[in-house]
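Please have the sequence and the three-dimensional view at hand.

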There are 2 protein chains.
Amino acid sequence: MTKVFLQSSFSQFARSMHDEWSPGVVAGRGSISPKVATVRFSRNTDIYREGDPAAQLYKVVSGAVRTCKFLADGRRQIGAFYLPGEIFGLETEERHLFSAEAVTDSEVLIIEPPIVPFGRWDFEVACQVWALMRHELKRAQDRVLLLGRTAQERVAGFLLAMAERMQSSDQVELPMSRQDIADYLGLTLETVSRMLTQLESESTIAVLESKRIVLCRRASLRRLAA
Amino acid sequence: MTKVFLQSSFSQFARSMHDEWSPGVVAGRGSISPKVATVRFSRNTDIYREGDPAAQLYKVVSGAVRTCKFLADGRRQIGAFYLPGEIFGLETEERHLFSAEAVTDSEVLIIEPPIVPFGRWDFEVACQVWALMRHELKRAQDRVLLLGRTAQERVAGFLLAMAERMQSSDQVELPMSRQDIADYLGLTLETVSRMLTQLESESTIAVLESKRIVLCRRASLRRLAA
DNA sequence: CGCTGAGTTGACGTAGGTCAAGCAGAGTGG
DNA sequence: CCACTCTGCTTGACCTACGTCAACTCAGCG
């Protein structure tokens, strides 16, 4: 019943909202409530694997998570990075399209398919899941746009996107490795590194200690990412 | 009120389904009903432009449609192709992210934001919109995966995906130009052409007349697209 | 210390882009 | 019916952005 939704047609979803509900707020960074447990994952361990049944949602409490997929020849593609407060694990099919792994030691809140007592969704949860879906779609679309561009543009765009997801305006704390970024952007680790040093030499950014980056001239970045 | 939904939080959506509804079928290729008008667009004309308010849905009746976006330097990126029976125009934001254009002379059914008589969505429509959203997300995800690969893999994947969307099992009728395909795959027209001739020389495919292609050895294609 | 794993840098190779030349089919007009 | 263009496609010769491979640096950490 619950699994049904996450994979699923809208029917169960709609039906489940059909009684008791109250007007709710749509959460940008979701705040879906019926939590189950907070679990710790250490760096580079699996949270779920590609192909596993998609039965729960997950919320990053601390640390960072990546979703990824391995190709036959060993290449790896990263689906997305999730930072604290963000929810992942929502799928369009019955099973997970990507694996999810902890980028750094992380705490993850596992959200049992958020069903209210009588086996029906409450309205607020429905709103949140809908928002989540929209959010994922937007993300995927932006990603597609990013992949059409040059290495420098991709890296610039990545930095901007990361900065926007952090509170701290112009200092970005990257939890992931160069390899992770490379796999996300469809580049190699060396190219990412080169682009960063190049951006630094133009003093568009300053690399403090390889994972702490200051965006000095955001305008230039934005112009690059266009 | 109607516009609100397409752009929108789930709230209106949910509220609108709250009375009279009946269990409905979820349409793979949507069959949303409250049509308004069928409009003809001739080849290469705009259906809507990037940035226009997203207030309707559109269904391809005949022909083919592409969504695309132009970059500052004139490069073009194609978001998706839509074939007869498919619905486009659903957005995650208030305004269209891409422009939509007719690939060939096309008939398009314009669906006014599908609101039932009393200003509320009926259940069936809600199911369909939900399915549509999932479908768009899946598409975007597949696309991201495709963009991580080599030119040959992309072209192979593209042909397979197109074939799957057509009834005719192993003969594909491509409505779009090489340039369109190239912009979709993030390649150049020349590269697309080269990959096609290469696939033909391996007799994996047969190019009948540049837009009619026969997939001779689907297995090989699948292996390439991996 | 040396060891390990992440990052940077350099030298070189290649997939795919760029530019430019054909070429075939569809109109169009004589 | 043949020239005559036009547009889309193919093909070739060359170029470049990025990948590959390998050396080197540096920060932790026993």
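The sections below go from the overall make-up to particular elements and residues.

## Basis of the description

The model is predicted, with local features requiring pLDDT of at least 70 and side-chain atom pairs counted only at pLDDT 80 or more, while totals for chains, interfaces and linings use all residues. Residues are numbered from 1 along each chain as its sequence is written, chains are lettered from A and ligands numbered from 1 in the order in which they are written, and side-chain values use heavy atoms, with hydrogens and water left out.

## Chain A in outline

Chain A has seven helices and 11 strands. Helices (H or I, at least four residues) and strands (E, at least two) are DSSP runs, numbered from the N terminus. Of the 226 residues of chain A, 53% count as buried; buried means under 20% relative accessible area, exposed over 50%, and partly exposed in between, with a 1.4 Å probe and protein chains only.

Contact means heavy atoms within 4.5 Å. Among contacts in chain A with a separation of 6 or more, 74% are made by residues 24 or more positions apart.

## An open sheet in chain A

Four strands of chain A form an open sheet in the order 2-7-4-5, with antiparallel pairing. Its edge strands, each pairing on one side only, are strand 2 (46–48) and strand 5 (76–82) of chain A. On average, neighbouring strands of this sheet are turned by 35° against each other, direction ignored. Two strands pair if DSSP finds at least two bridges between them.

Strand 4 (residues 65–70) of chain A pairs with strand 5 of chain A in the antiparallel sense over six bridges. Opposite Val65(A) stands Tyr82(A), in strand 5 of chain A. Helix 5 (residues 178–185) of chain A lies across strand 4 and strand 5 of chain A, at about 105° to strand 5 of chain A. Axes are lines fitted to C-alpha atoms, for helices over the stretch in contact, and angles run from 0 to 180 degrees between N-to-C directions.

## Helix 4 and helix 7 of chain A

Two packed helices are described by the angle between their axes and the distance between the axes. For helix 4 (residues 151–165) and helix 7 (residues 218–225) of chain A, the axes come within 8 Å and cross at roughly 125°. Helix 4 of chain A is therefore oblique to helix 7 of chain A; angles under 35 degrees count as roughly parallel, over 145 as roughly antiparallel, 65 to 115 as roughly perpendicular and the rest as oblique.

On the helix 4 side of chain A, the contact includes Gln152(A), Ala156(A) and Leu160(A), and on the helix 7 side it includes Arg218(A), Leu221(A) and Leu224(A). The residues of this contact divide into six nonpolar, two polar and four charged. Here Ala, Val, Leu, Ile, Met, Phe, Trp, Tyr, Cys and Pro count as nonpolar, Asp, Glu, Lys and Arg as charged, and the others, Gly among them, as polar. Gln152(A) counts as buried, at 14% relative accessibility. Leaving aside neighbours within four places in sequence, Gln152(A) is in contact with Met195(A), Gln198(A), Leu199(A), Glu202(A) and Leu224(A).

## Elements of chain B

In chain B, six bridges join strand 4 (residues 65–70) to strand 5, and the two run antiparallel. They form a hairpin with five residues between them, and Gly74(B) in the turn has a positive phi of about 95°. Lys69(B) stands opposite Gln77(B) in strand 5 of chain B. Strand 5 (residues 76–82) of chain B is mostly covered, with seven of its seven residues buried.

Helix 5 (residues 178–185) of chain B is also mostly covered, six of its eight residues being buried. Among these are Ile181(B), Tyr184(B) and Leu185(B). Gly186(B), with a positive phi near 70°, follows helix 5 of chain B.

## Ala140(B) and its surroundings

Ala140(B) lies in helix 3 (residues 123–147) of chain B and is buried, with a relative accessible area of 10%. Not counting residues up to four places away in sequence, Ala140(B) touches Leu137(A), Ala140(A) and Val144(A). Ala140(B) and Gly79(B) are 61 residues apart in sequence and 8.5 Å apart in space, C-alpha to C-alpha.

## Two serines with positive phi

Most residues other than glycine have a negative phi. Ser203(A), however, has a positive phi of about 45°, and is found in the loop between helix 6 (189–201) and strand 10 (205–207) of chain A. Ser210(B) has a phi near 70°, also positive, and is found in the loop between strand 10 (205–207) and strand 11 (212–215) of chain B.
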